[in-house]
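Let's take a guided walk through this model together. Have your viewer ready, and follow along one stop at a time.

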Amino acid sequence: MASNLEFLLGPKLPPAETSGFTVRSMAHVVTPLDQPSNYKDSQLRSLDRHTQNDLLAKSTTLYIGNLSFYTTEEQIYELFTKCASPEDGGGIKRIIMGLDRNTRTPCGFCFVEYYTHAEALASMRYVSGTKLDERIIRCDLDMGYKEGRQFGRGKSGGQVRDEHRQDYDPGRGGWGAQAQRLEIERRREVEERYADAQDGPGAVAGGGGDWKEADTSANESRLKRGRSPEDEGDTRLGQRSRLDEDGDAERM
Amino acid sequence: MSYDRPHRGGGGNRRRNNRDDYDDRRRDVYESPAEKLKTAIIKLGEVDALEELPRLEKQIRETTPLVISNLSEAFRIAVTEQPFKIPYYAALLRRLHDPAEEASTVDGPSLGKQILEDFWKGFQAYLDKLAWRETRSCIHFFAHLTVAKLITTESMFALLQSFTAVLEEFGVSHGRAKKAAVCAAEGLMIGGPILKPSSGEHVQEIISAIQAYNDTVTSPKWLIGPLLKMYSDEVSSSTADELLDTVLQALRTLNESDFAETASSFSQPYASHADPDLTEFTPFELPSVLVPPEVIELDGLSTDSGEDAQVKKEEWPEYFFRLFDNDITPDPKTPAGYAVHTGILDILDIFEVNRKECARLLLEYPKWTIPGTFKPKPGGTTVPEPVAGKDWQLESTIIENVLGAYFVLPEASHKSIYYIGVITELCKLSPSTVGPAVGKSIRKLYGTLGEGLDVEVARRFAEWFAVHMSNFGFQWVWKEWIPDLSLAVQHPKRAFMRRALEFEIRLSYHDRILKTLPPEMQAPEGNTIGEQAPGPDFEYDDPAKPHHDSAQGVLNLFRGRAKAEDVISHLETLKATLETSDDGGLVNADVLIRSIAIQSLLHIGSRSFSHLLNAIERYLPLLRSIASGGASSLGGGGNAEAKADILTASAAFWKHNRHMVAIVFDKLMQYQIVDPTDVVAWTFINRAEIRELSEATGPLSLSAFEWDLLKGALDKANGRVMIARRKVVALRKEDDDTRARDKASGGADGNAMDVDAEVKPDEAPAVDSPALTTALKAFASLTREQKGALSRTLDGFVSCLAPGASDSNPNPHSRVVISEEGWNDRAGWAKDQWNAWETWGWYRQFCRAYAPYLRNYSTTLWTVSFAKFEGSTDPAADLLKKTWNIATGQE
């Protein structure tokens, strides 16, 4: 009955000025591709389905699966930028590469975080199921990156799916016997790239938050008082506290 | 403990391994009988619509209880979401108008008529909220029903006339007029065979009204034609068709033959049905309607200098690019061609939510057209007689229309990647038939490069090419373009090859793409692809280079994760040392220090995008200090210069990788180290300092890469205003709600105090909440920045294209390439001429794509950039002003 009503009244359209997207209820004839899957994060078991759905309905983060171990963040950036709406205040906020817990090398998944929900939906519709680095990748709406989630949860340190995989997959570590020259070169780069990956709070950058009015008070006072030697210290202190603020904003 | 979900029904701990082609989004739902009937109606024609009609009619009649609203809702969904089936729904409704065989004793209106009456209410609702697509589909449906004699011709005319009335509204927007005109025209195309005999005069009135409107929109067409001659006002009509032009031409053709061609253009499955017995049957009288006015949302926000800050996305005429001849794909100017063109575009638009289904439906489209429209599938069981003038190629027709929609200027309705994705899905569904159509389209488009193909269309072409190839193993026969390596290095064909390969590399990697090329293109003298993977270039890496040791010192601090303030003081010491050193007088110590610091920081952040973010975030205080000129003794005075130095150092570090330059600039803006205006200014001026980076070095000009940087900066500025606006609107609403609540709770008090007082307390000026005050202040700052960025861009273009005698490094060809003689001499053009021509192209794109923003500031921007041309006869100044005036709606 609710859906009948919605059909008659039409979905609530966002004001044309504030959104580049037109929301349409089109579930009658075909299933839209931007629905989240049934995946439920086993580490968030405490959340009920309802809360999860609420989070997903606002989510700006995507889980990307079936990546080649060799695919770089820049390749991911290039493809997912095509769903970005910078003119609407969007863009790619950050990419978090999934790493093998033990070896700190990419293990075939990542998170892409946008600034807006609409961009995440666009990726579901347009990019999920297409190829990146010659593999068909899969996108799923995600509830958002949490510390530690960049690491594989399989016994051997990678993704669980690779524990059970029985096929030969050159893009996911199965390259041994028929190693190709190109793959070896890419492998060398990939093995070194994340050797410095940290975990714990603050290990993963935020990507930059909303625009904030610059705190001019420090500068002004500095200008006013001219070249007093203490000023340098003031400014730096002021700036450091601003950094901390940024960090916290991202961490919550 | 994994991303893998339990195997459904597999039980226990079994995990699904091959999950990626597993789609469990469809959830089983219980269907009530009413739902089942609805589904049956919506699914009409899964196999053969004509055969299914009697069965479906029977199923409907036999359902008890029969709820009319349920049936009419099914019709509404079916008609608005599957417009290609509309003729069959008209036929179904025609059948439902016949009295039921068994229960003929029941009096009252037929089932069909009851459904139609209820359907009408839904139409009224679509119209009330100006849901144009749904409204238009309903009009198609009504037009078919009029031909089937279920609706009176008078009321159908009245309906169409209420849409042509929109065209005469004062100051009607083009978007609104265009949609209204299409509704009226298409209703007339379908209903013509019965409408014209009833009143030829009304038919003529409708056509004339559309014609009169279309005559008023000539100048915008010049700015959005996909193939252009700068010197001419005309848009080449052999390669592109404008929507309203095609509508009118198809309509006039139909009218000339008294709509005899309607039956061969639009299916009429109801035609075989006997006319209703008019002694017993009264056709439905469509109630009269009024197309409601557009709702203009006034949030009353204006910039601090009083300009209107509203963004009204201006809607332009629509040109659709033609790739094939009329015997291969239909000419949309003919009635049958128009029907196919619009039928395909409807599917493309409606099924945007599911590109895979969209592709399937597009390939199934012939099923809904009149037999003989498309060439039969090879190996099909029945081979219909080819119809003269039709017999088109399905795949070429689909690709031509999808690309046509993708290339609409200034921007397509959906994101590029949607159209690209649909073509990918089409190729996956039927590689052997769609593949060749894609190949032919690429060759055809490539052939128009250098013949006036718009620069933005060329950019989209390169984007499509690269993403498409990345989905199909990068298999393109590059060797066929080897002869074009003899063209000028900046010729659009060569620029296309470079750009397409650069985009391919971004999606893949250098060695992989290099492998796909013939030796002639791999060779450095082919100037098509870089020799090396596009890595970073740390200027101070080589121990033999000057300042290597100083840079190592800074680099080591970063590597050791030194505190930002320690790096700042180290840089100050370093600067002092440099200034007192032997060559201290030779270098600008500030510039050098900035370069060393930024390049070293980018160096530690060069491993990946995340490393870059980590490096920036860890050293934000340092970056801010550099940006404010703080690392220099100049104090805060050197801001713009310091920020330009930051951008220059970043661009120098990534000079072999334009993708990274764009990414670094984006994040420098995001972290507010630089502002969009800084990036715009840098792009026009400083960029030329880094030779390797730009295709457009030499005289001041812009190529696609610089355009991408400008666009990145402008979109950032505009996006921030958008966010700030939303915030203000939300906070204002919050404030209003709070006030209303306070008023409600304090209401009793207020009333008791003084009912008669002249000034009621709650009419005192409202005080904004602190949050709202802050948001309004941010909005003011950001609109200022937006205006600055737009103004700086316009100014940059003006100095590139109409350089004054005193301007540094002017392009001497900017005036030649826009003249007829100049254009006709293009076979002899060298790099600088093509650069100038491309810069003109980006100026056009700037004006038309950002017109909604430019309009708000048009008076100021005009004064700043164009006042100096007062009384000038410079052809470049004239073209600059003409383009500007058309874009901002002043011509």
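First, some housekeeping. This is a predicted model, so local features need pLDDT of at least 70 and side-chain atom pairs count only at pLDDT 80 or more, while totals for chains, interfaces and linings use all residues. Residues are numbered from 1 along each chain as its sequence is written, chains are lettered from A and ligands numbered from 1 in the order in which they are written, and side-chain values use heavy atoms, with hydrogens and water left out.

Let's begin with chain A, which has 8 helices and 6 strands. Helices (H or I, at least four residues) and strands (E, at least two) are DSSP runs, numbered from the N terminus. Along the sequence, the elements of chain A come in the pattern α-α-β-α-β-β-α-β-β-β-α-α-α-α. Chain A holds 252 residues, and 51% of them count as buried. Here buried means under 20% relative accessible area, exposed means over 50%, and partly exposed is in between (1.4 Å probe, protein chains only). A contact means heavy atoms within 4.5 Å. Among the contacts of chain A between residues at least 6 apart in sequence, 70% join residues at least 24 apart.

Now turn to chain B and its helix packing. Two packed helices are described by the angle between their axes and the distance between the axes. Axes are lines fitted to C-alpha atoms, for helices over the stretch in contact, and angles run from 0 to 180 degrees between N-to-C directions. Look for helix H4 (residues 86-96) of chain B and helix H6 (residues 132-147) of chain B: their axes come within 9 Å and cross at roughly 50°. That angle makes H4(B) oblique to H6(B); angles under 35 degrees count as roughly parallel, over 145 as roughly antiparallel, 65 to 115 as roughly perpendicular and the rest as oblique. The crossing of H4(B) and H6(B) is right-handed. A crossing is right-handed if the near helix is turned clockwise from the far one by less than a right angle, and left-handed if anticlockwise. On the H4(B) side, the contact involves Ile86(B), Pro87(B), Tyr89(B), Ala90(B) and Leu93(B), and H6(B) brings Ser137(B), His140(B), Phe141(B), His144(B) and Leu145(B). These contact residues of H4(B) and H6(B) comprise 7 nonpolar, 3 polar and no charged. Ala, Val, Leu, Ile, Met, Phe, Trp, Tyr, Cys and Pro count as nonpolar, Asp, Glu, Lys and Arg as charged, and the others, Gly among them, as polar.

H4(B) also packs with helix H2 (residues 49-62) of chain B, at about 45° and with the axes 10 Å apart. H2(B) and H4(B) are therefore oblique to each other, and their crossing is right-handed. Among the residues that meet are Leu53(B) and Ile60(B) of H2(B) and Leu92(B) and Arg95(B) of H4(B). The contact of H2(B) with H4(B) has 10 nonpolar residues, no polar and 3 charged.

Next come the aromatic rings. Rings of Phe, Tyr and Trp (its six-membered ring) pair if their centres lie within 6.5 Å; planes under 30 degrees apart count as stacked, over 60 as edge-to-face and the rest as tilted. By this rule there are 54 aromatic pairs over all chains. One of them joins Tyr365(B) and Phe374(B), edge-to-face, with 6.3 Å centre to centre and 70° between the planes. Tyr365(B) is buried at 6% relative accessibility, and Phe374(B) is buried at 5%. Phe465(B) and Phe496(B) have ring centres 5.6 Å apart and planes at 75°, so this pair is edge-to-face. Phe465(B) is buried at 0%, and Phe496(B) is buried at 2%.

Finally, visit two single residues. Leu426(B) lies in helix H16 (residues 416-429) of chain B and is buried, with a relative accessible area of 1%. Val477(B) sits in the loop between H18 and H19 of chain B and is partly exposed at 41%.
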